[in-house]
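Please examine the sequence and the three-dimensional model shown below.

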Amino acid sequence: MTVENTAARKPRRSSKRVSAAKKPTSSEPQLVQLLTPEGERVAHPDYDHHVADLGPEELRGLYRDMVLTRRFDAEATALQRQGELGLWASLLGQEAAQIGSGRALRDDDYVFPTYREHGVAWCRGVDPTNLLGMFRGVNHGGWDPSSNNFHLYTIVIGSQALHATGYAMGVAKDGADSAVIAYFGDGASSQGDVAESFTFSAVYNAPVVFFCQNNQWAISEPTERQTRVPLYQRAQGYGFPGVRVDGNDVLACLAVTRSALERARRGEGPTLVEAFTYRMGAHTTSDDPTRYRHDDERAAWEAKDPILRLRKYLADQGHADEAFFTGLEAESDTLAKRVREAVRAMPDPDDMAIFDHVYADGHALVDEERAQFAAYQASFSTEPDGGSAAGAEEGK
């Protein structure tokens with residue numbers, strides 16, 4: 001299996017390096033795009049300068065980030081199917097949104113993710129194997145948030161937007177010039193927590209970027225059943241700017257996020273970025289997307305694949321050769337092998353630890369529940385003759 005899930009294409013030189021972007025009509029949502037689905041670089045007057053420093057090496061780095069993130073994600077999905085993980089939330093199709101925005105961050109910026117930001121975690125230097133402990137059920141998040149300025153995954157939908165806003169208000173009071181970014185999906189944008197965070201961040205001029213990955217589906221509900229206007233336009237009602245970016249264009253995501261972060265650092269307040277992308281797989285591995293969406297919809301988005309368009313651009317411009325792509329394939333295989341071995345080597349947690357810190361001073365009901373659970377666990381102990389203690393009791 002290739003890491004891009006597609007056959008390698010023969011590089012072709014392009015005679016046109018930059019063309020003008022189509023100007024939308026006033027009735028159309030304005031989409032920031034720098035790299036078309038066909039791999040053609042297009043100009044944008046407001047955002048070109050934010051990626052002017054990207055040379056061939058940096059472009060190859062963005063491509064490598066997306067390929068390795070996709071391979072890690074595919075391996076995690078396979079591990080769940082094999083019974084090694086209890087659940088997995090895939091990011092397939094959203095690599096450009098996450099890598100582009102993640103690479104826009106400075107080391108002193110702080111990230112509040114949901115549970116799908118595996119690409120952002122990669123950009124922040126979090127070991128991919130540390131992301132899997134929670135989904136295997138052996139820890140509550142296997143990394144120190146302060147070491148990478150990357151908060152633990154948030155399962156409660158939308159609550160991290162409030163956490164980010166409060167943190168950003170603290171950053172402003174401390175006089176620091178760092179910024180904060182909060183990730184959430186289109187479904188979370190319907191939560192009251194997100195609305196409250198918009199209000200507080202606007203009133204207090206907090207240095208926060210709200211990065212909404214609109215992947216078109218909040219589990220089984222399409223975006224049009226959640227909002228009457230494009231999501232980025234909601235920011236207008238709160239008094240700060242919103243922008244819609246092609247979420248499958250890593251260059252545009254990088255440029256737009258850099259611009260929003262710089263604005264926050266200058267003390268100009270929050271920005272809402274809507275990364276218009278698509279969830280190629282299921283919401284999580286417990287979901288069946290075939291029950292609520294059609295295959296032709298996915299096929300249309302496959303033509304906009306974020307990895308394929310950058311690969312084509314790299315090849316057309318002579319920024320990467322076949323040796324680079326082949327070497328990256330081998331690197332992704334190595335990463336997948338390391339992930340498999342690390343997951344299977346994770347030690348099981350202490351079964352009784354869940355009772356230890358419910359109350360600071362203990363509680364009679366917790367003690368009773370602990371004793372009941374201990375007895376239940378003991379019922380599975382193996383007897384010398386190969387039977388279980390429970391089975392021995394039943395045979396009396």
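How many residues does the largest nonpolar core have, and which of them have the most contacts inside it? The model is a predicted one, in which local features need pLDDT of at least 70 and side-chain atom pairs count only at pLDDT 80 or more, whereas totals for chains, interfaces and linings use all residues. Residues are numbered from 1 along each chain as its sequence is written, and side-chain values use heavy atoms, with hydrogens and water left out.

The largest nonpolar core has 67 residues, and Leu 132 and Leu 310 have the most contacts inside it. A nonpolar core is here a set of buried Ala, Val, Leu, Ile, Met, Phe, Trp, Tyr and Cys residues joined through side-chain atoms within 4.5 Å; buried means under 20% relative accessible area, exposed over 50%, and partly exposed in between, for a 1.4 Å probe and protein chains only. Helix H8, residues 250-265, gives the most to this core, with 10 residues. Apart from this core lies another, of 21 residues, which include Ala 161, Ala 182, Ala 188 and Cys 212. In soluble globular proteins, nonpolar side chains tend to be buried together.

Leu 132 is in contact (heavy atoms within 4.5 Å) with Phe 72, Ala 76, Leu 85, Trp 88, Val 339, Val 343 and Met 346, leaving aside its neighbours within four places in sequence. Thr 257 lies in helix H8 and counts as buried, at 0% relative accessibility. Residues up to four places away in sequence not counted, Thr 257 touches Ser 101, Ala 104, Ile 181 and Phe 211.

For the protein as a whole, buried residues make up 49% of the 396 residues. There are 13 helices and 10 strands, taken as DSSP runs numbered from the N terminus (helices H or I, at least four residues; strands E, at least two).

The aromatic side chains come next. The structure holds 25 aromatic pairs, in which rings of Phe, Tyr and Trp (its six-membered ring) have centres within 6.5 Å; planes under 30 degrees apart count as stacked, over 60 as edge-to-face and the rest as tilted. The pair of Tyr 183 and Phe 211 is tilted, because the ring centres are 5.2 Å apart and the planes stand at 55 degrees. Tyr 183 lies in strand S5 (residues 180-185) and Phe 211 in strand S6 (residues 208-214), so this pair ties together parts 28 residues apart in sequence. Both Tyr 183 and Phe 211 are buried. Trp 217 and Tyr 292 form another tilted pair, 5.1 Å centre to centre with 50 degrees between the planes. Trp 217 counts as buried at 9% relative accessibility, and Tyr 292 is buried with a relative accessible area of 18%. One aromatic cluster is formed by Phe 72, Trp 88, Phe 135, Trp 143, Phe 150 and Tyr 153.

What is the volume of the second largest pocket? That volume is about 330 Å³, the space filled by probe spheres set on grid points joined across faces, edges and corners. On a 1 Å grid over the protein atoms alone, a pocket is an open set of points where a 1.4 Å probe fits, with protein on both sides within 12 Å along at least five of seven lines; lining residues have an atom within 4 Å of a point. Of the 24 residues that line the second largest pocket, Tyr 115, Ile 157, Gly 185, Ala 188 and His 283 are the closest to its centre.
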